[in-house]
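Take a look at the structure below. We will walk through it one region at a time.

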Amino acid sequence: SSIFAAVEMAPRDPILGLNEAFQADPRAEKVNLGVGVYYDDNGKIPLLAAVKAAEEQRLKLAPPRGYQPIEGAAAYNKAVQTLLFGTDSALLDAGRAVTIEALGGTGALKIGADFLNRLNSSAKVYISDPSWENHRALFEAAGFDVGAYPYYDAATRGVNFSAMLAALKGYAAGSIIVLHACCHNPTGADLTLEQWQQVVDTIRERDLVAFVDMAYQGFADGIEPDAAALRLFADSGLEFFVSSSFSKSFSLYGERVGALTIVTADRDASARVLSQVKRVIRTNYSNPPTHGGIVVATVLSDAGLRAQWEEELAGMRDRIRLMRTQLVERIAAAGVKQDFSFVVQQRGMFSFTGLTAAQVERMKQEYGIYAVSTGRICLAALNSKNIDTVAKAIASVIA
Ligand code: PLP
């Protein structure tokens, strides 16, 4: 008999399954609000001019394609650290941060999770309720038992912070807390800086381990302000983990460019940690690919290209904001009495609209507008051509 006889069909990934259904839909006016990808006003994934310039430089140089070091390019890792902790960082000066180039933010989370599991496989991991749909599966795949801390409050469309803090205070020492640094996915609801400080204090008091996931630096208020929560961790003296990604901020989704940064107590601990993380990488994929990391490092280390990138990133951020205000205006213009102004307060690419699964289904059936059944929509998939259709469809299904 076949060695695969007992293999069952796995459930489809909810978001990628949505894409397949969208592709198969013949309606010309269809809209896909499901994926977490930034599209420009023409509905295209942009190739940033700064990226194109760096790629052209590299093509001209035609460098040989040797292996990278296990931890990736030093220039890239250094550039990541500066984005996370700033140009003037006591933590970096003290050699307390170890950064490795990873295969996207997902790869960074997985290497971090695998390493943490080697340190303490009986620790429990807590993610936000709700969270990015891959967090739970990823930490479970690394061997952890995964729970969730209270986060979103549907009644206020904000964070139920007192419940979150109370939960954190009840977790066993050594528990791993996965936090979204900014632009919470899927809710768009972030903590205030004062609340972040309380989280940092609680993590210290209860001896918890923070794993800060930063997939959207630059999508809320800008590179520096979006790192504010992370800087509180940096100033706290705590040891912690950071996964970061350039998928969105450089529009380099398919190149898989991310990084894992581990903050330790001192330079000596950093060296020991790096040596062990390299073993995790070596037995997974040996060393990272070259292209994406070099492109990002080239842009970040050249003053002109960096300024150009920041401008392009601001352009993406501003367009998403414009889509937020216009969506709210147009839903109101379509005669809806319910207040949708919360969409403007939410940050990052997503909005938790409050649409029910049944309403989302009607949007799909009647209008060819695809969204996640939780009511999450990607604002970056709206544009000047489809926003009216979407606003009218929302107005019609909630009427
Ligand atoms: N973490 C969060 C919260 C995300 O939303 C995403 C991507 O959607 C990732 C991590 C993964 O990023 P990447 O595509 O770089 O693997």
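Start with a single residue. Tyr151 touches Ser128, Asp129, Val159, Asn160 and Met164, leaving aside residues up to four places away in sequence. The model is a predicted one. Where does Tyr151 sit? Find the loop between strand S4 (145–150) and strand S5 (152–153), and Tyr151 is there. Is Tyr151 buried or exposed? Tyr151 is buried, because 23 other C-beta atoms lie within 10 Å, and the cut-off for buried is 20 or more.

Now compare two kinds of distance. Along the sequence, Tyr151 and Ile394 are 243 residues apart. In space, they are 25 Å apart, C-alpha to C-alpha.

Residue 394 also ends an annotated span. The UniProt record, an unreviewed entry, places the feature "domain: Aminotransferase class I/classII large" at residues 29–394. The end C-alpha atoms of this span lie 15 Å apart.

The axes of H5 and helix H6 (residues 133–141) come within 9 Å. They cross at roughly 35 degrees, and the crossing is right-handed. Which residues meet here? H5 brings Thr106, Leu109, Lys110 and Ala113. H6 brings Asn134, Leu138 and Phe139. This contact has four nonpolar, two polar and one charged residues. An α-helix has 3.6 residues a turn, so residues three or four places apart point the same way.

Finish with helix H11 (residues 291–301). How many of its eleven residues are buried? Nine are, and the helix is mostly covered. The buried residues are Gly292, Gly293, Ile294, Val295, Val296, Ala297, Thr298, Val299 and Leu300. What covers them? The cover includes helix H2 (49–61), helix H3 (74–85) and helix H12 (303–333). Strand S2 (97–103) and strand S10 (257–263) are also part of the cover.

Methods: Residues numbered from 1 in each chain as written. Predicted model: local features only at pLDDT ≥ 70, side-chain atom pairs only at ≥ 80, totals over all residues. Buried ≥ 20, exposed ≤ 12 C-beta atoms within 10 Å, placed from the backbone. Helix = DSSP H or I, 4+ residues; strand = E, 2+ residues; numbered from the N terminus. Contact = placed C-beta atoms within 7 Å. UniProt positions renumbered as here; feature names shortened; annotations may be inferred. Axes fitted to C-alpha atoms, helices over the stretch in contact; angles between N-to-C directions. Left-handed = near helix turned anticlockwise from the far one by under 90°. Nonpolar A, V, L, I, M, F, W, Y, C, P; charged D, E, K, R; others polar.
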